[in-house]
Amino acid sequence: MATGRTHRPATRSRGIPEATVARLPLYLRALTALSERSVPTVSSEELAAAAGVNSAKLRKDFSYLGSYGTRGVGYDVEYLVYQISRELGLTQDWPVVIVGIGNLGAALANYGGFASRGFRVAALIDADPAMAGKPVAGIPVQHTDELEKIIDDNGVSIGVIATPAGAAQQVCDRLVAAGVTSILNFAPTVLSVPEGVDVRKVDLSIELQILAFHEQRKAGEEAAAADGAGPVAAARKNPADKGPDGDVPAVMPA
């Protein structure tokens, strides 16, 4: 089976837009669910609803793959699963290293979805000497001193960083120097990488803060509605929101 170091997805060379690439995993997840239920075909409207996009956007995305479906029948589920998996590079074996085996790193190591999606956890790496040799998810943790050798021996091109923020950039630099060209970063910091290295950042605290913003706004709207006033009128009641010409609404009417 091919390894990640020698084969890379052809999406960029084929000119597929990044926004489309970002939606392909959503389609694949919905299609996999249909496949598990032995559903043979699916319409663009049904698949779009399952993926959370509109059907016109879905049809445009699939046109980049050369897949147009059949009028009155829809799309062949199994073929689309294969086609999208191939486009994303999931029909080959991608060895992955996880660096930082704290609570989050251990949770990632125990995630059962990697293997079914084309990823193999090749190694778990941690800077704590006390962790060396301890099995996590059936894989013995190795010390960071071995990082470069591990990457070379396993042909790793994808690294996952789950370290504290202060250690993330140094780990990133070592991964890149050793040949890793794609990094999934869970550390709460922005990484600096050279051109040609892809970084995807997952920050749970930021996502929660965004949700908190929406919850606060909904609560404010509900309070305003309970007082019998819309958001504009409620904003005008705040004496702090005044301009040189008097009250300035926080939300301007359309």
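## Basis of the model

Helices (H or I, at least four residues) and strands (E, at least two) are DSSP runs, numbered from the N terminus. This is a predicted model, in which local features need pLDDT of at least 70, side-chain atom pairs count only at pLDDT 80 or more, and totals for chains, interfaces and linings use all residues. Residues are numbered from 1 along each chain as its sequence is written, and side-chain values use heavy atoms, with hydrogens and water left out.

## The sheet

An open sheet of seven strands runs in the order E5-E6-E4-E3-E7-E8-E9, with mixed pairing. Two strands count as paired if DSSP finds at least two bridges between them. Strand E5 (135–136) and strand E9 (198–201) are the edge strands, each pairing on one side only.

Strand E4 (residues 119–126) is mostly covered, with six of its eight residues buried; buried means under 20% relative accessible area, exposed over 50%, and partly exposed in between (1.4 Å probe, protein chains only). E4 pairs in the parallel sense with strand E3 (residues 94–99) over six bridges, and Val96 stands opposite Val121 in E4. The pairing of E4 with strand E6 (residues 139–143) is also parallel, over three bridges, and there Ile125 stands opposite Gln142 in E6.

## Helices on the sheet

Helix H7 (residues 147–154) lies across E3, E4 and E6, at about 165 degrees to E4. Helix H8 (residues 165–177) lies across E3, strand E7 (158–161) and strand E8 (182–185), at about 170 degrees to E7. Axes are lines fitted to C-alpha atoms, for helices over the stretch in contact, and angles run from 0 to 180 degrees between N-to-C directions; contact means heavy atoms within 4.5 Å.

## Packing of H1 and H4

Helix H1 (residues 18–36) packs against helix H4 (residues 77–88) at an angle of about 145 degrees, and their axes are 9 Å apart. The contact includes Tyr27, Leu28 and Leu31 of H1 and Val81, Ile84 and Glu87 of H4. Its residues divide into twelve nonpolar, three polar and two charged. Here Ala, Val, Leu, Ile, Met, Phe, Trp, Tyr, Cys and Pro count as nonpolar, Asp, Glu, Lys and Arg as charged, and the others, Gly among them, as polar.

Glu87 is found in H4 and counts as buried because its relative accessibility is 3%. Glu87 and Leu65 are 22 residues apart in sequence and 8.0 Å apart in space, C-alpha to C-alpha.

## Nonpolar cores

A nonpolar core is a set of buried Ala, Val, Leu, Ile, Met, Phe, Trp, Tyr and Cys residues joined through side-chain atoms within 4.5 Å. The largest has 23 residues, and those with the most contacts inside it include Tyr27, Leu31, Val42 and Ile84. H1, helix H2 (44–51), helix H3 (55–64) and H4 each supply at least two residues of this core, and H1 gives the largest share, seven residues. A second, separate core of 21 residues includes Ile150, Cys172, Val176 and Ala187.

Val42 touches Leu31, Leu34, Leu47, Gly74, Tyr75 and Val77, leaving aside residues up to four places away in sequence.

## Positive phi in two loops

Most residues other than glycine have a negative phi. Ser38 has a positive phi of about 60 degrees although it is not a glycine. Ser38 sits in the loop between H1 and strand E1 (41–42) and counts as exposed because its relative accessibility is 63%.

Ala137 also has a positive phi, near 55 degrees. Ala137 lies in the loop between E5 and E6, and is partly exposed, with a relative accessible area of 40%.
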